[in-house]
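This report describes how two protein chains meet in a predicted model. The sequence and structure are shown first, and the description of the interface follows.

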Number of protein chains: 2
Amino acid sequence: MNVNKIHGYDYGASNIQVSPVSFEEFQQLKITAGWTADDEASLRLAGEVLSDQTRAIIDHWRRRIIAAIPHLAIHSRSPEGEALPEYAANSGARFERWILDTCLRTDDQDWLNYQHEIALRHMRPKKNQTDGVRSTAFVPFRHIVAFIPVMNETIRPYLAARGHSVTAVERMHSAWTKSIQLQLALWARAYSGPCSTESQW
Amino acid sequence: MNVNKIHGYDYGASNIQVSPVSFEEFQQLKITAGWTADDEASLRLAGEVLSDQTRAIIDHWRRRIIAAIPHLAIHSRSPEGEALPEYAANSGARFERWILDTCLRTDDQDWLNYQHEIALRHMRPKKNQTDGVRSTAFVPFRHIVAFIPVMNETIRPYLAARGHSVTAVERMHSAWTKSIQLQLALWARAYSGPCSTESQW
């Protein structure tokens, strides 16, 4: 996959705003999630294992699962219910890239910033902006939360597809699920609205 | 465990407010999470398996994990850092009961209402109200999100402790993780603040 050819994929670019989450807050979150050096290594291995399977995984999630759930499928369609092939292709390529970023990127300031950007792109007004489409105004946070177990369960056979031991697959899976939940905690910051003394994020 | 003796455990009581989440919204969430009749049955079995292990599980989470993480431990201590034994005992008993409710309750309107109440009790101003204590004003939502992988990982041996097959344990574990994530989606409603047209919950 040629990163330069993914429309709207702006990881590390100067137009991405600085995350409102501090690096110290992020470090505390990793402690809360029990994140270890072994998770780090296992996630890298997962990245190698998944590197040539990202298209199949995204197709699995989108065509076999999301497409069959009307209240999820609407978020990649026009208000009239029409398919948006270009939007599907571009956001699909970014979705594929996200799998690899989850596994292979270093979680530095660029990482924090892009997590915030990913959340904003599921929210008003950024959701349709990147691709210049008309679709739902936002993906409700609750459905992102609830879809995570589906992603975690369906990715398991892809992690096992390269013949690693049961233990190694289990470790990759554990690291994957922790990383997704940490990302969810970061996305929740965007969904919690502007900074205020009332925020309980 | 005698439910009537758990201080502040008000499941189904008339003083619990109606959840702002509609039953239809909840049904959609279950579809998003891929919830099945098999999950329902596996969660019931998990309830039987865990019924006499809840004290050990809560001790595991609180004494062996939370107590060692200062930014989590503060939420059950006074602002001066003192232990609050009665608070710990009462909230611990409710925490134990929550494990069984997760597995054994029917997810009807009382269920929805109590999920909202549980969230409010981690937030200002309800967090310390039930027990009449002085402690942190709220548990940040992000740390609830990030602690869930720890709960999911550590509960596995307790699910396996009664000699069920690997497949049965895996099913119980899958149903458990889905239920917790569905509850998280409901708790997120409380953390998202008052109803408004701006809400992206």
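## Extent of the interface

Chain B and chain A bury about 3,300 Å² between them, and carbon and sulfur atoms give 58% of this area. On the side of chain B, B:Thr32, B:Arg142 and B:Gln200 supply 24% of the area that the chain buries against chain A, more than any other three residues. The contact takes 40 residues from chain B and 40 residues from chain A.

## Polar and charged pairs

Between chain B and chain A, 21 residue pairs are in polar contact, with both residues at pLDDT 80 or more. Two salt bridges are found across the interface. One of them joins the side chains of B:Arg156 and A:Glu170, with an N to O distance of 3.9 Å.

## Elements on the side of chain B

Four elements of chain B, namely α1 (23-32), α4 (70-73), α7 (141-154) and α9 (166-191), each give two or more residues to the side that touches chain A. The largest share, ten residues, comes from α7(B). By residue class, this side of chain B divides into 22 nonpolar, ten polar and eight charged residues.

## Relation of the two chains

Terms used: Residues are numbered from 1 along each chain as its sequence is written. Chains are lettered from A and ligands numbered from 1 in the order in which they are written. This is a predicted model: local features need pLDDT of at least 70, side-chain atom pairs count only at pLDDT 80 or more; totals for chains, interfaces and linings use all residues. Side-chain values use heavy atoms; hydrogens and water are left out. Contact means heavy atoms within 4.5 Å. Buried area is the accessible area (1.4 Å probe) that two parts lose on being put together, summed over both. A salt bridge is a side-chain nitrogen of Lys or Arg within 4 Å of a carboxyl oxygen of Asp or Glu. A polar contact is a pair of N or O atoms within 3.5 Å; within protein, one must be able to donate a hydrogen and the other to accept it, and residues adjacent in sequence count only if both atoms are side-chain atoms. Ala, Val, Leu, Ile, Met, Phe, Trp, Tyr, Cys and Pro count as nonpolar, Asp, Glu, Lys and Arg as charged, and the others, Gly among them, as polar.
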